[in-house]
Amino acid sequence: MDPQVQQAQLTAILGADPAPFETLISHLMSSSNEQRSQAELIFNLCKQTDPNSLFLKLGHLLQLSPHMEARAMSAILLRKQLTQDDSLVWNRLSPATQSSLKSILLTCVQQEEANTIMKKLCDTISELASSVLPDNGWPELLPFMFQCVSSDSPKLQESAFLIFAQLSQYIGETLIPHIKHLHGVFLQCLTTSASSDVRIAALNAVINFIQCLSSADRDRFQDLLPAMMTTLTEALNGGQESTAQEALELLIELAGTEPRFLRQQLVEVVGSMLQIAEAETLEEGTRHLAIEFVITLAEARERAPGMMRKLPQFISRLFGILLRMLLDIEDEPAWHTAENEDEDAGESSNYSVGQECLDRLAIALGGNTIVPVASEQLPAYLAAPEWQKRHAALISLAQIAEGCSKVMIKNLEQVVSMVLNSFQDPHPRVRWAAINAIGQLATDLGPDLQVQYHQRVLPALATAMDDFHNPRVQAHAASAVLNFSENCTPDILTPYLDGIVSKLLVLLQNGKQMVQEGALTALASVADSSQEHFQKYYDAVMPYLKAILVNANDKANRMLRAKAMECISLVGMAVGKEKFRDDAKQVMEVLMSLQGSQMETDDPTTSYMLQAWARLCKCLGQDFLPYMSVVMPPLLQSAQLKPDVIITSADLDNEIDESDDESMETITLGDKRIGIKTSVLEEKATACNMLCCYADELKEGFYPWIDQVAPTLVPLLKFYFHEEVRKAAVSAMPELLKSAKLAIEKGLAQGRNESYIKQLSDYIVPALVEALHKEPDTEICASMLDALNECIQVSGPLLDENQVRSIVDEIKQVITASSSRKTERAERAKAEDFDAEEGELLKEENEQEEEVFDQIGEILGTLIKTFKASFLPFFDEMSSYLMPMWGKDKTAEERRIAICIFDDVAEQCREAALKYYDAYLPFLLEACNDESSDVRQAAVYGLGVCAEYGGSVIKPLVGEALSRLNVVIRHPNTLQPENVMAYDNAVSALGKICQFHRDSIDSTQIIPAWLSCLPIKGDLIEAKVVHELLCSMVERSDMELLGPDNQYVPKIVSVFAEILCAGKDLATEQTINRIVNLLRQLQQTLPPATFASTWASLQPQQQLAIQSVLTS
């Protein structure tokens, strides 16, 4: 556009005549993209050239325009432009403009009639105030708001409360000085206002304000709670359910964020909520919200641990309410015909809320609280004449199993009998629910259920598969077989295979597609769980599977074909390459032709095919390489899928409707609402997992793909939309490095050399470190540390100092973060209602932290082994983080890790590490008496290392070390399985003291004592070291070892014999050859009588072992 024309246009828009400006604003709202983007361009030009005029124009439009759309748009534009624009236009406006805008906004609050615009106006004021109030940039605002609240206009009162609520969220601390005044205002409006809108707005303001207070200040608002609850009950009594629902939503927010605020009046509050939930005359939505409130309180574990368990009478009432909701189910004909997937035919929204809430309640409160309530209420339901009640009892049992698993495992007999009796129920939907419960219990209570009850459960499921009048029951029995076998060892499953496989084959040929799909999934799972035991059924099963794969090719059968693929690939993996090889080729042909065909985006085949290829690769190993060029391109495409994300503004009224598309998941971040298509994420996650599988399976064979796979997966280390994608990307990192290293070592890398590994490592390692820094999930943190450790093992020597520095800094960060999580948990344990159940849950959370510390120990060990003494400056920096881990208040696992790190330093850095002995040896000696056998093992191992490398530094402590080792070796339970490793390492350390510090000990006593402990058989690494030492001592005819008059020779020979009996476990091949030579020498040099008596003292098996080597 010509600059002069443009200038004239701007002058007109910002000039005295309001019409051109109003036209511009209406174009900004235009549905035509072209018109809108042209208007945006001009708007931004105005903003650059004359922001003062532009924003005053917007203000006047808001104040004076008769058109609602124009007023609404100007309120939104002012909010976005003044508060969310990165270049903060507000600061570029003149003080006069700022002042005019502020007063225009307050004038508009007083005169605006339309409710929707009023809300947008309050948003604009709140957001602007939150950025200028802290610097006292709007002194008129709070007095104006207090004036509004005290006025007799409900509209003004409501507006002021809306603004208070938002300011509490943004800048609560600036309101705290007015706490007394606010308390009075809130109380008055909640109790006396005639307008329900005002009372709701006040409730909203109170709840937001409470959340920004310290606990002492919060207690001053405790007396508002009855009035807050009255807002709810009055709305209900006046038949204003939508108002009541707003109030409930606000109270739910309070229950989630500040549950302890409700504690003193918990009985009254929860009582009212349950009364609402029980009131049949109210709308379902209202009753569901009341239930949501109570469940939210139960779930508020971090903020009020154990509080709801103190109200058993309410829990029992709530359980009863949820059970009654499960009765809201119709006996739909569609359920019985089973023509389609529709499993929830006849279920109402009441039913699904009841189901979800039972699950959440059990997880939140645990089995000790829920199981007694269930045992009290379910028997009457199970015995009832109405099928809905029997059905509800079984459904509820399946729903609470996950949260109550520990307690239910203790009462398995009662639980299993309850469910199995219902397998005979006259009503098919009840039988379905019983099968469903068994499937769920097999998942949540396995493998205990499988081990103890297989002889009752499997035959019952097999019988249910014969129910040809009720295909849905048959199909569900097949999927319960899947749940059962997933948690099951081959020895339990194998005796039932004949019966189960033959029934599944019958179902496979039965007309109903749902039943066929169920049978395929069950066969796949049974094969996967029974492994090579499935070979005998292979010839009977495979022809059917191949027939489905080839023939099921119309749209209605897509899922059937997909499940056949899954089944074939799992059967192939189970029976192994030899058995599967001939069919594999044929199956691959079909898959390749499918791969080339155009599939619709919602076709399940893609995802199943990705997994089938990967299983075929695992089965065929290197024989799979020829197919990689077909498999990889689509796989990379799936891994590179962009998440299908729809971002809308949370304040627009056209929000994504969640109900119409089940595959969309929405999350709200700030003022953005993000909708994500879950099917895309799942396909992406599957593809990433498969890439990892191929790299792991094919090793150097995967090399040609690394250049494409690394840039695909590395960015996904920070893919926060989906945990599975991140996990897969993390696991793949070391596999890619290993593949590259092997390819280069084996000369398969098309002329590339070690510099390629360096290049790959420089790409992967920093990316992992950075992702670790931002990772929110503890479990994934541990996986990232593990992957980083494996990467360092492959490319460690290639890391430069800055990379090592960043790894060490990140480890410090991880230790700090982990400690603060532990501290936060310890704080939780001080809460007034904290109980044993909460203690259990805390313990589980802390065990996840152990995993993180484990990995830290591993990484530091790898760095020390890789860089030896040049790592010590970093080790010195770490010591302030590691020293506290030796403390008595730390867990045994942390103490063990701290000791192992020192052991590594002493062993790898030798002389360079002597300077640490003074600081660390006292800890080491003390840890030999630790109550944890793992800590003792690490400590005595460390003493052995110090004995070997400590030279004169350790000399003065040899006596002390001997007495500590003696305690471990002489411990009464020393040969119990859990103590064997500590014992073996103590014996090894004792040997090293004999070897390196003989002049400091009474060797005539100690060497025979050491000999009497041999051979050691638990720690196979130490066994090889110790037995080699024994050999060396015999070879040089060590007098103290052989004893006066060779009196210890029989013992030595019997030790040698035991070592020989153990094959290659207890000694290296070299040592075994030396032992054989020594035995031959002894046979020749010992007096015949001595040799004969030695021989006589051996066990027959030992005599045989020696005889065979002496005569060979």
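**Close-up 1. Helix 7 meets helix 9 in this predicted model.** Helix 7 covers residues 115–132, and helix 9 covers residues 154–175. Their axes come within 9 Å. They cross at roughly 40°, and the crossing is right-handed. On helix 7, the contact residues include Asn115, Met118, Cys122, Ile125 and Ala129. On helix 9, they include Lys155, Leu162, Ile163, Gln166 and Tyr170. The residues of this contact divide into nine nonpolar, five polar and five charged.

**Close-up 2. Trp886 pairs with Tyr920.** The structure holds 21 aromatic pairs. In this one, the ring centres are 5.4 Å apart. The planes stand at 50°, so the pair is tilted. Trp886 lies in the loop between helix 42 (872–882) and helix 43 (892–909). Tyr920 lies in helix 44 (residues 917–927). The pair therefore ties together parts that are 34 residues apart in sequence. Trp886 and Tyr920 are both buried.

**Close-up 3. Trp886 and Tyr920 belong to one aromatic cluster.** Phe875, Phe902 and Phe923 are also members. Tyr916 and Tyr917 complete the cluster.

**Close-up 4. The charged end of Lys684 sits over the ring of Phe719.** The charged end of Lys684 is 5.1 Å from the centre of that ring.

**Close-up 5. The charged end of Arg752 sits over the ring of Tyr756.** Here the charged end of Arg752 is 4.1 Å from the ring centre of Tyr756.

Notes: Residues numbered from 1 in each chain as written. Predicted model: local features only at pLDDT ≥ 70, side-chain atom pairs only at ≥ 80, totals over all residues. Heavy atoms only, no water. Phe/Tyr/Trp six-rings, centres within 6.5 Å; stacked < 30°, edge-to-face > 60°. Helix = DSSP H or I, 4+ residues; strand = E, 2+ residues; numbered from the N terminus. Buried < 20%, exposed > 50% of the residue type's maximum accessible area, 1.4 Å probe, protein only. Lys NZ or Arg CZ within 6 Å of the ring centre and 35° of its normal. Axes fitted to C-alpha atoms, helices over the stretch in contact; angles between N-to-C directions. Left-handed = near helix turned anticlockwise from the far one by under 90°. Contact = heavy atoms within 4.5 Å. Nonpolar A, V, L, I, M, F, W, Y, C, P; charged D, E, K, R; others polar.
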